[in-house]
Amino acid sequence: MKKLLLGDEAIAQGALDAGLSGVYAYPGTPSTEIMEYIQLSPLAKERGVHSRWSTNEKTAMEAALGMSYMGKRALVCMKHVGLNVCADPFVNSGMTGTNGGLVVLVADDPSMHSSQDEQDSRFYGKFAMVPTLEPSTQQEAYDMMSYAYDLSEQLQLPVLMRVTTRMAHSRAVVNVADEARQPNELNYNAKASNWVLLPAFARKRNDVVTAQQPLLEQMAVNSHYNKYEDAGNQRLGIIASGIAYNYLMECFPKGCPFPVLKISQYPIPKKLIRRMTDDCEEVLICEEGQPFIEDMVRGVMPGNAVIRGRLTGELPRTGELNPDHIKKALSDYSQDIKVSELPEFTAHVVARPPALCQGCGHRDVYTALNEVLLKYPNARVFGDIGCYTLGFLPPYKAIHSCVDMGASITMAKGASDAGQWPSLAIIGDSTFTHSGMTGLLDAVNEHADITVIISDNLTTAMTGGQDSAGTNKFEAICRGLGVEEEHLHVVVPLPKNMPEITRILEEEINYHGVSVIIPRRECMQTLQKHLKQKKTKEAKS
């Protein structure tokens, strides 16, 4: 059967067809569509596949690991910076091992289309000593899911699967199975003592996992996802990984005249790399993200070849690759490629910066905040990750930092510890439950002189309107963390309420302790969607 699928959708369909029992994730572009596809899947509903959003990536990873321990196949999805959040359970899952298949799907974002950095998740796979897969096409993304689950259960290790933005968000026709594999039964045969990382047990597991590494490397050499394609012109050899291999093939529709080593399974296949560096005069390494392969080849196995790539300037050091980048890098080696025929990119396109939606409640929050802070020229407002980060841009210019999920409260506290006043934090509802609550507890415990604004639009708006874990619970959470009732306020961010909001802001800035103000109004995008759904329902009834 053929389906036209995004890379994310191919991954989701592949997981379902491989016998998935549960998917755990926190929304983050470019990985969000995997969970959404499974949530809408008739097969997932029929089989009762778990598919509810988690509070953050750490809780998602831990829940997926728990499902794996029971023998079921689990998937955990996130964007690259989310892997930082769940690094503790992810790295330790390599040490404990798994029971049912466990795939950790990470979507990297070269060029930072919607991210804080260009982090390359392949380093995490190497660090945790687990197999890593990187598909070159949507078809491979689909096929790799079944392979990944089999590999995970064979090795009793989690498998990291890395995609990038272009793979996640581009479409292709994918051949999918006519029938899905049945989910695993509960399995109590695993050695549960492996899962207890007391030093006496952890040392034994460390020896086992370390001893597996030669096997993992040999499996990469033998993998049908890694292939050495020989050719007559050995002036140049090309190593291409993931989607960069696809870009390379676009440059040579009639076939590449140079030897090519495609890498889509890690650890890197050193035996195949040594073959290329011994046979070829020069080697060009094409990889999306950081020079992960290039660093290792240059350091330990260059052979007789001169190594080219991102570090030597043939390919851009930062940002996404595309076929034209590779064509330029190959132009000195192939008469088939003429740089003069490549498109010239113009700088004359007028920039269109993002902006908060018309009618968005965040606009009224920033309007009120800026009005009050006119009296406090040295005020500092620590921002967070969400669409409200756009408050940094004109016309508001209202925040002074944006570092990582949940950082606003703890950074405001740290600034207050340094003597800064007033010190404010603005954080969204989903980000607060993701990783802001612990910072608020620290602030309460030290009676920090900060004002916290939890801008609640009743959804995870930045990634498309997914459910927010703390909806209708924020007042109770704040009380539970110790915020005093008289310094906990809920307001409705509308122009008509501006006098009330500015009064409360000023009063709480001048209270020398922890204050929390919750402006609450539904996101305009989800409101319109809900109104449309209501009209459709009324029309049918």
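The model being predicted, local features need pLDDT of at least 70 and side-chain atom pairs count only at pLDDT 80 or more, while totals for chains, interfaces and linings use all residues. Residues are numbered from 1 along each chain as its sequence is written, and side-chain values use heavy atoms, with hydrogens and water left out.

I begin with the sheet. Strands of a sheet pair through backbone hydrogen bonds, either parallel or antiparallel. Here, 6 strands make an open sheet with mixed pairing, in the order β2-β3-β4-β6-β5-β11. Strands are DSSP runs of E, at least two residues, and helices are runs of H or I, at least four, both numbered from the N terminus; two strands pair if DSSP finds at least two bridges between them. Because β2 (22-25) and β11 (265-266) stand at the edges with a single partner strand each, one side of each has no neighbour in the sheet.

Strands β4 (residues 102-108) and β6 (residues 159-164) run parallel and are joined by 6 bridges. V106 has R162 as its bridge partner in β6.

I turn now to D456, in the loop between β16 (450-455) and α18 (474-480).

Which residues does D456 touch? Beyond neighbours within four places in sequence, its contacts (heavy atoms within 4.5 Å) include D429, F474 and R520. A polar atom of the D456 side chain also lies 2.9 Å from the backbone nitrogen of L458.

Notes:
Polar contact = N/O pair within 3.5 Å; in protein donor to acceptor, adjacent residues only side chain to side chain.
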